[in-house]
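Subject: Structure for you to look at

Hello,

Please find the structure below, together with its sequence. My notes come after it.

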Amino acid sequence: MFSMKKEKERRSSPKRNIAFYVSLGLCIAAVAGAAWNTYGSIDEYAQGTNGAEESSQQSEKEAALEAAREVRDQKYEASRSESAAPEVSLVSRENDNSKQTGSSKQESSEAPASTAKVCRPIEKGDVIKAYSPKDPVRSETMNDWRTHEGVDISAGEGSPVHAVLSGRVKSLYNDPLYGNVIVIESSGGYVLRYCGVTNTSIAKEGSTVTAGETIGYIGIIPSESKDESHLHLEATISGEPADPTILF
């Protein structure tokens, strides 16, 4: 009993209680300090991680901006080069054009004069009977059907007849069917026969004429006298019959 009483007294002693609470407080403080240190380490680690991520993102943004600047600079240089290029190409085109012009002039001087539509034989005449070397057409004067190896161009009697192409007067003669005929030969194998002219004294055999020059006047064509007044024009190219209208 004595010992149990002593033990109770010892446990209930104020000094003992104070020491216990002091020890408990120290333990709690130690635990709190450790927890705070752990939290601080975690926070520092988190901040360090976030800072590293932000630094990495900033580096990526700077790299992207730098790449964009390089692309912009490249495009600017390319645009400058392109804007300067036309000056060179323009000179080249001018040189090419001058060469082509010179070449064209040379070709045109060598090409047959008949490749260009130089002059109409009748200034305001219309074709009243077309070129028809295969299909026969009705002839009111001859009262039959026959091929038509020329074109008939309307013109009042006495109207001037003009040379379609420049050339040399090859011959002058009278044909029983087509009346007075003037034959003019041009470079490139072109030969034109102007039929039904009255005054052949304007064009002289062997003389040269220029395109548009008056070579005679509208007269009578015996084989086509029932048709309205007109010029009958025939053409050959290298000896082969051709449609005269391709020349004008």
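What follows covers cysteines, salt bridges and nonpolar cores.

This is a predicted model, in which local features need pLDDT of at least 70 and side-chain atom pairs count only at pLDDT 80 or more, while totals for chains, interfaces and linings use all residues. Residues are numbered from 1 along each chain as its sequence is written, and side-chain values use heavy atoms, with hydrogens and water left out.

Cysteines

The structure has 0 disulfides, a disulfide being a pair of cysteine sulfur atoms within 2.5 Å. Cys119 has a relative accessible area of 19% and is buried. Cys195 is buried too, at 0%. Here buried means under 20% relative accessible area, exposed means over 50%, and partly exposed lies in between (1.4 Å probe, protein chains only).

Salt bridges

Side chains of opposite charge can pair when their charged atoms come close. A salt bridge is counted when a side-chain nitrogen of Lys or Arg is within 4 Å of a carboxyl oxygen of Asp or Glu.

- Lys129 and Asp227 form a salt bridge, with 3.5 Å from N to O. This pair links distant parts of the chain, 98 residues apart: Lys129 is in strand β1 (residues 127-129), and Asp227 is in the loop between β10 (214-217) and β11 (230-237). Strands are DSSP runs of E with at least two residues, numbered from the N terminus. Lys129 is buried, at 16% relative accessible area.
- Arg146 pairs with Asp144 in a salt bridge, and their closest N and O atoms are 2.6 Å apart. Arg146 is partly exposed at 31%, and Asp144 is partly exposed at 23%.
- Glu185 and Arg168 form a salt bridge, with the closest N and O atoms 3.2 Å apart. The two residues are 17 apart in the chain, with Glu185 in strand β7 (residues 179-186) and Arg168 in strand β6 (residues 167-175). Glu185 is partly exposed at 31%, as is Arg168 at 36%.

Nonpolar cores

A nonpolar core is a set of buried Ala, Val, Leu, Ile, Met, Phe, Trp, Tyr and Cys residues joined through side-chain atoms within 4.5 Å. The largest one has 24 residues, of which Tyr194 and Ile215 touch the most other members. At least two residues each come from β4 (151-154), β7, β8 (190-197) and β11. Strand β8 gives the largest share, 4 residues. A second, separate core has 6 residues, among them Val183, Val191, Cys195 and Ile221.

Regards
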